[in-house]
Amino acid sequence: MIDFYAWYTSNARKVLIFLEEAGLAYTTHIVDIGRGDQFTPEFLAISPNNKIPAIVDQDGPGREPYPVFESGAILLYLAEKTGRFLPTDPRGRHDVVQWLMFQMGGVGPMFGQCNHFSRYARETIPYAVERYTNECRRLYAVLDKRLAGRDFVAGDYSIADMALFPWVRTFDWRGQDPDQVPNVKRWVERIAARPAVDRALAALAKSPRSGPIDEAHWENMYGATQYRRR
Ligand SMILES: N[C@@H](CCC(=O)N[C@@H](CS)C(=O)NCC(=O)O)C(=O)O
């Protein structure tokens, strides 16, 4: 049994796609990062960087519970645990790891900054919006080139595709026209058509938040006076 700690974000969806694809038994624990639930001592013991996603594998190495944080590390852990979605031959494996790191070190942080400056920031800073929008466009172009003549980013469908898909599919969030990156567009459609992906996206589709967020916490986390999307 996997305990899965999540909020309604792309980083959480990566892990949920794996859990659904592999058919692993899991329980979802919603951590409301807009109210500061990620700072509880219980959660910090699992995820010391106060971020979702995180998991606890109740049947970890040595048959002991084992906590894992950082979505890329979680995907590698689950791939190795199940022997799925990560090749065992060295070339295939390192191809996947490189594209996983492209997501973790490039797409995730840059797309996140783009979201922040174009949708959440207290004031509009044209330099920042332009810088991150341009960097996102460059990353889309890198991925488009990679996907020319390929169905998936590195060999068969793998944890690299699972990591990239939730971020890349939201073209409009960063002003990207899908028709400018036709290989990426087709790859997004190919992955979105998978039943396990559909189940994962439906399960973490939209925040069902009922009450207000903790604005002091949000200010601290995002530098915005209130939650707002442009
Ligand atoms: N590199 C981390 C990033 C995780 C991340 O940024 N999580 C966000 C939500 S998507 C979060 O939990 N933020 C809460 C906070 O920063 O306090 C990963 O890939 O797991």
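Analyst: Let us start with burial. A residue is called buried if 20 or more other C-beta atoms lie within 10 Å of its own, exposed if 12 or fewer, and partly exposed in between. The model shown here is predicted. Asn50 has 17 other C-beta atoms within 10 Å, so it is partly exposed.

User: Where is Asn50 found, and what is its phi?

Analyst: Asn50 is found in the loop between helix 2 and strand 3. Most residues other than glycine have a negative phi. Asn50 is not a glycine, yet its phi is positive, at about 45°.

User: Is the peptide bond from Ile52 to Pro53 cis or trans?

Analyst: In general, most peptide bonds are trans. The bond from Ile52 to Pro53 is cis, with omega near 0°. Pro53 is found in the loop between helix 2 (41–46) and strand 3, as Asn50 is.

User: How does one read the start of the chain?

Analyst: One asks where the residue lies and what it touches. Met1 lies in the segment before strand 1 (2–6), and it is exposed because 12 other C-beta atoms lie within 10 Å. Leaving aside neighbours within four places in sequence, Met1 is in contact with Ala25, Tyr26, Thr27, Gln58 and Asp59. Met1 and Asp59 are 58 residues apart along the chain, while their C-alpha atoms are separated by 6.7 Å.

User: How may the length of helix 3 be checked?

Analyst: One compares an expected span with the distance between the ends. At 1.5 Å a residue, the twelve residues of helix 3 (residues 71–82) should span 16 Å, and the end C-alpha atoms are 16 Å apart, so the two agree. Just after helix 3, Gly83 takes a positive phi of about 70°.

User: Which residues of helix 3 are buried, and what covers them?

Analyst: The buried residues in helix 3 are Ser71, Gly72, Ile74, Leu75, Tyr77, Leu78 and Ala79. Their cover includes helix 1 (10–22), strand 3 (54–57), strand 4 (66–69), helix 4 (90–120) and helix 6 (159–168).

User: How is the chain divided into domains?

Analyst: The domain assignment gives domain 1 (2–84 + 202–222) and domain 2 (90–193). Twelve residues of domain 1 are in contact with ten residues of domain 2. On the side of domain 1 that touches domain 2, helix 1 and helix 3 each supply at least two residues. Helix 1 gives the most to that side, with six residues. The residues of that side divide into six nonpolar, four polar and two charged.

User: How many residues surround the ligand, and of which classes are they?

Analyst: The ligand is surrounded by 13 residues, the closest being Thr9, Asn11, Ile33, Lys51 and Ser71. By class, the shell has five nonpolar, six polar and two charged residues.

User: What can be said of the protein chain as a whole?

Analyst: The protein chain has nine helices and four strands. With 230 residues, a compact globule would have a radius of gyration near 17 Å; the protein chain has 18 Å, which agrees.

Technical notes
Residues are numbered from 1 along each chain as its sequence is written. This is a predicted model: local features need pLDDT of at least 70, side-chain atom pairs count only at pLDDT 80 or more; totals for chains, interfaces and linings use all residues. The expected span of a helix is 1.5 Å times one less than its number of residues. Two residues are in contact if their C-beta atoms, placed from the backbone, lie within 7 Å. Domain bounds come from an automatic or database domain assignment. Ala, Val, Leu, Ile, Met, Phe, Trp, Tyr, Cys and Pro count as nonpolar, Asp, Glu, Lys and Arg as charged, and the others, Gly among them, as polar. A residue is near a molecule or strand if its C-beta atom, placed from the backbone, lies within 6 Å of it. The radius of gyration is taken over C-alpha atoms; the globule rule is 2.2 Å times the number of residues to the power 0.38.
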